[in-house]
Each structure stands twice: as structure tokens, then as C-alpha cells.
Amino acid sequence: MRPVCYSVAMSLDGLIAGPNGEADWIVMDPEIDFGQLFSSYDTLLMGRRTWEAAKSQGGAGMPGMKSYVFSKTLRPAECKEATLSSDPAATVRELKQQPGKAIWLFGGGGLFKSLLDLGLVDQVQVGVIPVVLGSGLPLVEHPAGLAKLKLRKHRVYEKTGTVMLDYEVVGTETAKGPKRGKRPQ
């Protein structure tokens with residue numbers, strides 16, 4: 001089964017974007033092999049706000065990747081470069097069953113929360129950027145269920161002070177009970 005990986009940059013205070021969606025604080029470390037990172041995915045998942053932010057900056061997806069946008073308000077004409085879905089659970093379950101590379105959950109704390117609560121996120125990869133924003137969009141929207149993670153690998157990039165953390169999701173729990181793995185003790 002194809003894994004879904006939430007791969008995102010985050011400030012030291014747990015934010016993925018500034019209060020107005022700003023991402024200008026994210027440093028691009030010259031030691032990070034972005035080509036290798038991007039080549040491990042062939043599918044991109046985005047929520048409406050991430051999609052609209054990407055379009056406003058001149059890009060709506062990633063070359064060589066099939067993009068999916070989840071929204072109940074967008075119309076297909078507004079997402080010509082992507083597949084539009086109003087049912088993330090069904091769409092992601094179907095994508096996970098198809099052959100291919102890993103699936104990149106690209107930004108969007110709300111979509112991350114929804115998919116994590118459904119037990120559909122397999123990995124969380126966070127690049128912690130050494131900056132404190134003070135306000136903005138959190139890594140995961142609140143309130144979120146409990147998620148147990150296991151560290152798979154980590155790396156410190158000395159030039160920028162960025163820390164890359166790569167976790168496996170080993171269990172999630174919402175108010176309705178566990179979705180995967182053992183119930184936390």
C-alpha cells in the first residue's frame with residue numbers, strides 16, 4: 001500500500017505559515033537534495049487554501065506529480081490542473097490502493113488533521129526552521145486527536161540550523177477510539 005507522508009516546513013513554535021499564509025521565512029538549505037525528495041512522490045494532496053496560495057504564486061502543482069485538491073467550495077473549472085474531490089477519505093483510500101510512489105500531503109494543517117484523524121497518514125516529515133513566528137497557521141489544526149509517532153531518522157543541517165525529523169505514524173486516536181495501531185497506554 002502506498003504511504004501518505006505529510007512533509008512540511010515548520011517554525012520552531014509549530015507554525016507552517018505566517019498569519020496571512022506567508023512562507024518567506026522558510027530557508028532553502030543548500031544541503032537538502034530537493035530533487036531526491038520530490039522524486040520519491042508521484043501524487044500531491046492539497047486543501048483548498050494551499051491550492052489557492054500555490055496558484056496565487058504562479059504554481060498549482062509539482063511537475064511529474066498528479067495533484068488532488070480537496071474542497072467543498074471550489075468548482076472543477078477552478079482546478080483544471082488537478083483532480084478536485086470533496087471526499088478526502090474515499091479519495092485517499094483509493095489512491096493508497098493504486099500502484100505508484102508515495103503520496104505527498106503538501107501543506108494544510110486542516111487536511112492533515114482530517115486525514116490523521118481517519119488513520120490515513122503514514123509518515124510525518126517536518127523540516128524545523130530556526131525561526132519563531134509568534135502567530136500563523138499551526139502544523140495541525142486544533143482540536144486534533146492523539147497521534148503516536150516513532151522517529152525513523154533525523155538530520156541537522158549546519159549551514160541554516162534546519163532540523164529534519166522523519167516519523168512513522170504508529171497509532172492515532174480520536175474521541176471515537178483508535179484508528180490504527182495499539183491504543184496508547
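**View 1. R49 and E141 form a salt bridge in this predicted model.** The closest N and O atoms are 2.7 Å apart. A salt bridge here is a side-chain nitrogen of Lys or Arg within 4 Å of a carboxyl oxygen of Asp or Glu. R49 sits in helix α2 (residues 48–56), and E141 in the loop between β8 (137–138) and β9; they are 92 residues apart. Helices (H or I, at least four residues) and strands (E, at least two) are DSSP runs, numbered from the N terminus. E141 counts as partly exposed because its relative accessibility is 30%. Buried means under 20% relative accessible area, exposed over 50%, partly exposed in between (1.4 Å probe, protein chains only).

**View 2. D122 pairs with K96 in a salt bridge.** Their closest N and O atoms are 2.3 Å apart. D122 lies in the loop between α4 and β7 and K96 in helix α3, so the pair ties together parts 26 residues apart in sequence. D122 is buried, at 18% relative accessibility. K96 is buried too, at 5%.

**View 3. D166 forms a salt bridge with R152.** Here the closest N and O atoms are 3.3 Å apart. D166 belongs to strand β10 and R152 to strand β9, so the pair ties together parts 14 residues apart in sequence. D166 is buried, at 4% relative accessibility. R152 is partly exposed, at 43%.

**Notes.** Residues are numbered from 1 along each chain as its sequence is written. In this predicted model, local features need pLDDT of at least 70, side-chain atom pairs count only at pLDDT 80 or more, and totals for chains, interfaces and linings use all residues, while side-chain values use heavy atoms, with hydrogens and water left out.
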